[in-house]
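Here is a short briefing on one protein chain. Please read it with the model open.

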Amino acid sequence: MNDTAAHPLKLFNSLTRQMEEFVPVHEGEARVYTCGPTVYNFQHIGNMRAYIFADLLGRTLSWKGYKLTHIINITDVGHLTSDADAGDDKMEKAAAQSGKSAWDIAKYYTDAYWQDIDRLNIRQPAKWAIATDHVEEMIAFGKSIADKHCYKLDSGLYFDVSTVPDYGRLAGTQSDDIEGRIDTVEGKRNPQDFAIWRKTPAGETRQMEWDSPWGKGAPGWHLECSQMSIKYLGETFDIHTGGIDHREIHHPNEIAQNQAHNCSEHSGANIWMHNNFLIDRAGKMSKSSGDFLRLQVLIDRSFHPLAYRMMCLQAHYRSELEFSWDNLVAALTRLKRIVMGVERLLEKADGQSAVIEHPALVELRDKFDAALSEDLNSSKSLPLLEDLLTRKKLPADQRVTLLSDMDAILGLELNSLTRTALRVRPKDAALDEANIEAKLDQRQKAKAEKDFAAADAIRDELTAQGVELMDGDALRWDWKI
């Protein structure tokens, strides 16, 4: 463990519904699996909250001194249009609607997702596990559990949940809601039984299908994550993360498969962690409507992507977070103020860093570590960063070192982010930066000539086009949200 991060890391385990100290399966290592996107469409900003949370977890583990192995999967086959075991595969449906191949759909939206990952300064995992690269191994996984835990129906191979102990315990008190999310499939032994392999119906041909002992078809979504997490992290690993919507069906099904494959009552991961929903009162967070908020929409409205990261960090990952444009404005404003403070600090320290020795800074670092060690409480760590920027009498070079330490976890790129970079041009802005600067020069000349009416007219013109003037500030102007 990093000697600057002395507080034990405590995480909320959804499986036990309690806080637990992180004790790695392999000493000095942290092995983490995150449920990745289904790449049939762009990811909405609620989806991206899950990866900001997983990134915060990974950064914290790294800062604590663990060798991190983080796996994120890409689901490019097998995920149905609902939690039911009936209906279309999301990739096949998107391909049919677009007239493109399922493979082209997957590549296009995977690339778009990776672009958003980069924009949000989310670190790359050790591996992106692509589902279609692992189908033969998934078939082998299915074979290993079929005799004791599965049965065949006309539509494919199904897992009998009664063959494993305590199925659904991860869902906890929410288990009563599960049946309402599962459609009836004729022949199922139990309502919660789920497809390991989905057989292509007679007379149909899918773009993504493979031969198997249970007929030509495709793997079930749940099978994919079990096979890939075990392959890359081992039968028992440290942490599995995902959105809270996975807690009731997808992750319990993963656990059942893990128990069957490993011949053990263990769930596979020691700790299961889930971030809560991003709530949009306008009802535009779901992709099913075709009208949803994605990161590019925020950028088109003049918000830097890191303003959204800041918005997520302001709330604890297990709390619901309400999205509104006002909340995003507030997050951007807070980020701008921090960046202004950082710019002044870096100028004063001339970019130099030093070992943190001053008692006040040692104490501040300890408080920061304590906040993150208490279930990744970024909402409590941000004020400590802001406090650091106000400590102007303390050694600037040591403050730069502590700033870098803090930002290694928060991931806001504070050593390089500038106020100018935060000034994103709205997609529908009538003026570009050169036009604005020219008009400001005209306004400055008008003021010098005491033609205040002309100066005010220019101000009003710019304000009407989304430009907010900042008299007395070297930056001169900003986009008005």
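The accessible surface of the protein comes to about 20800 Å². Carbon and sulfur atoms account for 46% of that surface. Accessible areas come from the Shrake-Rupley method with a 1.4 Å probe, and for residues only the protein chains shown count as cover. This is a predicted model: local features need pLDDT of at least 70, side-chain atom pairs count only at pLDDT 80 or more, and totals for chains, interfaces and linings use all residues. Residues are numbered from 1 along each chain as its sequence is written, and side-chain values use heavy atoms, with hydrogens and water left out.

**Overall build**

- The protein has 15 helices and 15 strands. These are DSSP runs numbered from the N terminus: helices are H or I with at least four residues, strands are E with at least two.
- The C-alpha trace spans about 90 × 55 × 35 Å along its principal axes.
- Of the 481 residues, 55% count as buried. Buried means under 20% relative accessible area, exposed over 50%, and partly exposed in between (1.4 Å probe, protein chains only).
- Among contacts between residues at least 6 apart in sequence, 76% join residues at least 24 apart. A contact means heavy atoms within 4.5 Å.

**Charges**

- The protein has 58 positive and 74 negative charges, and their mean positions are 4 Å apart.
- Lys and Arg count as positive and Asp and Glu as negative; His and the chain ends are not counted.
- Each charge is placed at NZ of Lys, CZ of Arg, CG of Asp or CD of Glu.

- Strands β1 (residues 10-13) and β2 (residues 18-21) run antiparallel and are joined by four bridges. Two strands pair if DSSP finds at least two bridges between them.
- Leu11 stands opposite Glu20 in β2.
- Four residues lie between the two strands of this hairpin.
- Arg17 sits in the loop between β1 and β2. Its relative accessible area is 33%, so Arg17 is partly exposed.

**Positive phi**

- Most residues other than glycine have a negative phi.
- Arg17 is not a glycine, yet its phi is positive, at about 60°.
- Asn121 is not a glycine either, and has a positive phi of about 55°.
- Asn121 lies in the loop between α3 (102-119) and β5 (127-130). With a relative accessible area of 17%, Asn121 is buried.

- Nine of the nine residues of α8 are buried. Among them are Pro305, Tyr308, Arg309 and Cys312.
- Ser302 is found in the loop between α7 (295-300) and α8 (305-313). Ser302 is buried because its relative accessible area is 2%.
- Leaving out residues up to four places away in sequence, Ser302 touches Leu422, Val424, Arg425, Pro426, Trp479 and Ile481.

**Ile338 in α9**

- Ile338 belongs to helix α9 (residues 325-349). Its relative accessible area is 2%, so Ile338 is buried.
- Beyond its neighbours within four places in sequence, Ile338 contacts Met310, Leu385, Glu386, Leu389 and Leu414. Met310 is one of the buried residues of α8.
- Ile338 and Arg119 are 219 residues apart in sequence, and their C-alpha atoms are 19 Å apart in space.
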